[in-house]
Structures are given as structure tokens and as C-alpha cells.
Amino acid sequence: MKRPSTPALFVTLAALAVLAAVAGVALGPAGLSPSQLAAALARRGDEVALGIVWSLRLPRVALGFVVGGVLAVAGASLQALVRNPLADPYLLGLSGGAGLGAVLALVSGLISAWVLPAAAFAGALAATLLVYRLALVAGGALDSRVLLLGGVVVGAFAGALVAGILSVSDATQLRTATLWLMGGLGGVGWPGVLVLVVYAVPAMALLVGESRALNLLALGEEPALHLGADVARTKRNTYLAASLLTAASVAAAGIIGFVGLVVPHAIRLLKGHDHRVLLPAAFLLGGAFLVLADALARTVFAPLELPVGVVTAVVGVPFFVVLLRRWTGR
Amino acid sequence: MSGRGPSGAGGATNPSGDRSISSGALLELTDATVRYAGASPGTPPAMESVSLAVRGGECVALVGPNGAGKTTLLRALLGHVPCGSGRALALGRDARSWSRDTLARFVGVVSQREEPAFPLTVREAVEMGRYPHLGAWRAPGSADRAAVERAMRRADVAALGERWVETLSGGEWQRVRIARALAQEPRVLVLDEPTASLDLSHEMQLFELILDLVRHDGLAALIVSHHINVAARFADRLVLLARGRIVADGPSAVVLEPQRLATVFGWPVAVHRLADGSVQIYPERRPVTPESGAAP
């Protein structure tokens, strides 16, 4: 298969992102007509349409875009880090750890939008350390299959702890935490988008700076070292940044699986594995994917709304099966 | 992120003012001992009192039984493990004082194992050899492209540029990895078991290529190999390692002495001198009898 040129790829992805944003703003239970939408986007028209577009749909689209993009970037970098195409923040236990950290903060009454990502970050880092410890116990060398298995175990463990915490917490906390845990892009509005962007930008910058080193790391740690990569630094930065990205997105939108798995792979299949192209391209496609998934989640059973994680899972699981076959077939 | 060498005269790209370089040694161990943390107190060090120098235009082969400390010696030379006593110098400076990317501009290493996690083409693989020159941000320029082309031609992989590396034969893949090391434009090539999985003709081809790089491009080559006979035919010097110590260092005619080999490998060996002066070894048959068992 011929790979598209890098400019063609980015133009296509940008167009897709715009299309997704239009769909995200246009679709919804309120049933605004195109002319109402156009007027509201131009800051004209009636109050109700203005409110729906500017306070509900636009922040939701913006949040979905950043969350999707951030998860895809975290997944892409984790895949290079553990040298396994099946890695993503969810399967490596980062999402679960972040969820546990955030729930602990919520039931302690720390519900500030700025504190929540920090608590989630602490949880994600703790999960990462635990996964690493497990992998080391299993035999010294960091076998990527053991890392994945450890991630699944730690994720399940975090989930169990969350269930335990919720079962002994009082009704108000339970409601807050449960609603948040179910995930979704509707709750936080513009302030949530701002918090996410502030947390995500430094982490993304760190990863972009490591993208050439990630290319080397995909060869193996020893070859990467011989080619001049500072392997210890790259691994540390990548884990920190991926944990931060996961934590910020989990704090903003709950646990959403499979974006970090599906999206990087679509780019890998399409364009290859150069992380200097892969990371920004995964960001654009991840954003577009989650905005579209959310639009679907809002409209399929309208006026009822599906958690967006259901849609990403329905798309993601078959994709995972295909990847698993390709990976084990090698 | 563009790495700087350790401070001092000469700088990263022109270390020729250094004493050790003027004496010709690119990699050098002096009375070096390596003891791994966590090894129990009674055990001997992984490498003990080793002195070794590899100079430009010289092909040195490191041979010895399993567990003799060959890998430890390489790791000490490249500054991956600290020497408890003695010192390891790369281009005249403490091997551990170099930043990884600066060292990678002088020393190209073809490691024993490598399994890319994702598919890549031959050209992409060779281009990665430019990392130590480019760092994280700089875009490749004409000098980088020229270095990649030169390296691919030199290692005879120019025709394979668009192939996926997973479709290559073992011999082709090793040549690609040598091309990648050459793209680093190093002065030293270190190869760890480069022909372990190659058949006869590919093994000979690879050694001919390495020796050609040494003779015509003035590179130094340090090769770890279990294939003593091939090493004996190509290397200027064999370095025989046993139990962490150098037992002999010199031309094959000097090093491959039957009594010494029998002791080091624990197996009787006969030798035969070829017309080109190199010595070849023949392990003797020693049938296992019920009375004597396998051990002497």
C-alpha cells in the first residue's frame, strides 16, 4: 500500500476534524435547524439557540476533541515505550489508576477542577509503578506481554478499590463520583476544557521532544542506547507525560477506553511509525474520532444518551481482535 | 538535546589532540575490574584486571567460552557499567563521561539482538544512524542524506532501500545494521556475535565486509564471536577471555595454542596452520564411555 505524503495526511486529518466538529455542533436532541445554528455561531439569533451552541455543544466538542487527541497521543507513545502495539492507557492500567486517584479526591471533598487532574495523575503514576514492579517480579527484563498483563491486573485492582470506596461513601459523594465515573463529555463546560489544555500542553511538548528517541526505542533498548538515545530519560519522560495526559483526560471526562489503541494504529497502518508524524496525526484523528463517537452517542437513542465509552468500545474491540491476530501472526 | 561531549580541549568532533588518541587507541581498558552489584561477596568479579587497546585500522576479535565476560568487557568499554578499579577510555576519555549521543558519533555498535517492534523500511532503519548527529529536533540536511547513501552503498544494501526489514534474510538484516552503524560515521565498529545465525557464505561475506572497512576506511573493529576459526582468519588479533580475565592477546598463531585452549574450553583441541599464516582449531572427538563419563 502506498503511504500518503505527510502534507496530504495532515490536510485530510484537518478536514476530518472540521467535519467532526460540524457534526458535533449540529447534532443533538434540541434539533436546531441549520439556519438557527449558523445564526448562533455568528453570535446572533435567539437566546436559547445561543445558549445551546455556545454553552453546551461547542465546549462539548472542544472537550471531546482534546480528550480524544490526548488519549491517542498517550496510547501512541506508550506503544513505543513498551514496544507493543497493543498498549494503551486503558490496558496498561493508567486509566484505572487515574480513576482511583480522582475518586479518592472526590470522596474526600476535593472537587476542584484543578485538583482533580493532579489526584488522577498521582493515581496514574502509582498504577505505573505497580505495573513496573509486577513486570520486574516476573523476570527482571521488562517483557511487554508481562507489562500488559500487569496493566490489566492493576486496572482491575483499581476498579475494585473504586467500587469498595463508593460502597462505603455517603449518598451525595456516591452520586457525584458515579456520574463522573461513567464518563462523558457533557459535564464540565469551558472551564473543564481550559484545565485539560493547561495540563496537556506541557506533556505533549515533552512527548514531541522525545519522538525521535521513541523511534529508536521501538528497535529495543540496547540498540537505542547504541544509537545515542538517552534511554532512561526517554522512558521516564514518556511515562510521566503519558500518565499526565491520561490523568487530565480521565479527570475531565472519566474513563474512556480504546481511543488510545485504535487511533494510533489507524495512523500506523496508513503512514508508518515515525513518531514525529504519528503523534500530531494521532492527536487530530483521536480528536475527530471522539467527537464523532460522542455525536453518535447522543443521537442513536435520542433523547437518551449513551456513555461515549460504549461507542468507542463497540468500535474498539473488533479492532483489537484484528490487531491481536496481526501481532500474534508475526 | 544535541549532546555535548565532556568539557575539555579537543571538543567532541576533534579529539585528536588527546594523548591516547595520538598513541592510536580508540577504545582502551587499563587494569579494569567490573563487579556487578548484587553479586554475592565470594564470587569472582565478572571481569578482572583486564587491559586491552583497540586502535584505528585494526580488527580485534574477542573469543572465549560462555560466561567468560565478553559481554561485560564490551559494556565496560562502552561505559555502560562502571569499572570498580582500573579505567575504561573511549577516544582517550573516561568512557562513562561521554554523553550517549556524542559517543555514538564515534562508536557504532551492532548488538547481538534486535527486534523492531514496528515494521520499518531499510532506508528508515539506516536513517536512524543519523540520530547522534541530529538530536531531537534538527532536520536532516544534505550531509546526513549523503552519509546514509554512502553507508548503504558501502554495506551493499542500496538496492534494498524500500524493503521492509522483516522481509530480509538474516545476512541482509545484519548488513542493514552495519549500514546503520556506518551512517553514524564512527571510527570504531563494535559487533557482538554478528554472524551467530548466518550460514557459511553470509558469514564469510560479512567478515570480508568488516575487514574491508578496517583496511580501506581505517575503522577499528572489535568483534565478539564464538566462531574462532573465522575470527582467526580475519582478525589482526585474537583476545582470549576466560573467567573474566584475558588469557592471551595476539595473532591467532600465538593465541590458539592447544594446551591453552583445552584448559579454557575444557575440551581437547588440535590446531592446523593455514597457508595465510592463520591457525585453525579442531575440537577432538572424545567419546563418552560408561566408565569415564563425560568429564575428564
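The model is a predicted one. Its largest nonpolar core holds 199 residues, and the members that touch the most others are Val67(A), Val73(A), Ala282(A), Val188(B) and Ala221(B). Helix H3 of chain A, which spans residues 47–81, gives this core its largest share, 17 residues. In chain B, residues of the core come both from domain 1 (15–106 + 186–265) and from domain 2 (116–185), so the core lies between these two domains.

Leaving aside residues up to four places away in sequence, Ala282(A) touches Ala72(A), Val73(A) and Ala76(A), together with Val263(A), Pro264(A) and Ile267(A).

Helix H13 of chain A covers residues 275–299. Its 25 residues reach 35 Å from the first C-alpha to the last, close to the 36 Å expected at 1.5 Å a residue. H13(A) is also mostly covered, with 21 of its 25 residues buried.

The contact between the two chains comes next. On this side, 21 residues of chain A are in contact with 17 residues of chain B. Helix H9 (211–217) and helix H10 (221–226) of chain A each contribute at least two residues to the side of chain A that touches chain B. That side of chain A comprises nine nonpolar, seven polar and five charged residues.

Chain B also contains an open sheet of four strands, arranged in the order S2-S1-S4-S5 with antiparallel pairing. Strand S2 (47–55) and strand S5 (93–94) of chain B are the edge strands, each pairing on one side only.

The pairings may be followed along the sheet from S2(B). Six bridges connect S2(B) with S1(B), the two strands running antiparallel; here Ala32(B) has Val50(B) in S2(B) as its bridge partner. Strand S1 of chain B, residues 25–34, is largely enclosed by the rest of the structure, because seven of its 10 residues are buried. S1(B) also pairs with S4(B) in the antiparallel sense, over five bridges, and Thr30(B) stands opposite Arg87(B) in S4(B). Strand S4 of chain B (residues 85–90) is in turn joined to S5(B) by two bridges, again antiparallel. At this end of the sheet, Arg93(B) in S5(B) is the bridge partner of Ala90(B).

Methods:
Residues are numbered from 1 along each chain as its sequence is written. Chains are lettered from A and ligands numbered from 1 in the order in which they are written. This is a predicted model: local features need pLDDT of at least 70, side-chain atom pairs count only at pLDDT 80 or more; totals for chains, interfaces and linings use all residues. A nonpolar core is a set of buried Ala, Val, Leu, Ile, Met, Phe, Trp, Tyr and Cys residues joined through C-beta atoms within 7 Å. A residue is buried if 20 or more other C-beta atoms lie within 10 Å of its own, exposed if 12 or fewer, and partly exposed in between; C-beta atoms are placed from the backbone. Domain bounds come from an automatic or database domain assignment. Two residues are in contact if their C-beta atoms, placed from the backbone, lie within 7 Å. Ala, Val, Leu, Ile, Met, Phe, Trp, Tyr, Cys and Pro count as nonpolar, Asp, Glu, Lys and Arg as charged, and the others, Gly among them, as polar. The expected span of a helix is 1.5 Å times one less than its number of residues. Two strands pair if DSSP finds at least two bridges between them.
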